[in-house]
Amino acid sequence: MAPRVSLRSSSGKGKKAAKAQDEGSSKMQVVKEWSTWAVKKAKVITHYGFIPLVIIIGMNSEPKPHLYQLLSPV
């Protein structure tokens, strides 16, 4: 078997730099996961909320139509 090669140096200076880099990359990973979660939720809200929003806006306009007038194709 081949020996494992460590990417981090064994000196004290390298450990601090590598640790700071790991913290930065983990923060970026958290931000990436959160933004992905938020975009997925926004897509679902937009998908199911658009038509009811249009109906509510239509019912609050002048002249006040009935619901069946808004939903009829004519």
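Two residues are in contact when they have heavy atoms within 4.5 Å of each other. Please note that the structure before us is a predicted model.

I begin with the overall picture. The protein has two helices and zero strands. It comprises 74 residues, of which 5% count as buried. Its accessible surface comes to about 7300 Å², and carbon and sulfur atoms account for 67% of that area.

Let us turn to the loop. Helix α1 covers residues 12–59 and helix α2 covers 67–71, with P63 in the loop between them. The peptide bond that leads from E62 into P63 is cis, with omega near -10°.

Is P65 buried or exposed? P65 counts as buried, because its relative accessibility of 19% falls under the 20% cut-off. Leaving aside residues up to four places away in sequence, P65 touches G58, M59 and L70.

Two of those names, M59 and L70, bring me to the surface. Together with L67 and L71, M59 and L70 form a nonpolar patch there, with about 330 Å² of accessible area in total. Which element supplies the largest share of this patch? It is α2, which contributes three residues.

Thank you for your attention.

Conventions:
Residues are numbered from 1 along each chain as its sequence is written. This is a predicted model: local features need pLDDT of at least 70, side-chain atom pairs count only at pLDDT 80 or more; totals for chains, interfaces and linings use all residues. Side-chain values use heavy atoms; hydrogens and water are left out. Helices (H or I, at least four residues) and strands (E, at least two) are DSSP runs, numbered from the N terminus. Patches are made of residues with over 30% relative accessible area and no salt bridge: like charges are joined within 9 Å, nonpolar side chains (Val, Leu, Ile, Met, Phe, Trp, Tyr) within 5 Å. Accessible areas come from the Shrake-Rupley method with a 1.4 Å probe; for residues, only the protein chains shown count as cover. A salt bridge is a side-chain nitrogen of Lys or Arg within 4 Å of a carboxyl oxygen of Asp or Glu. Buried means under 20% relative accessible area, exposed over 50%, partly exposed in between (1.4 Å probe, protein chains only).
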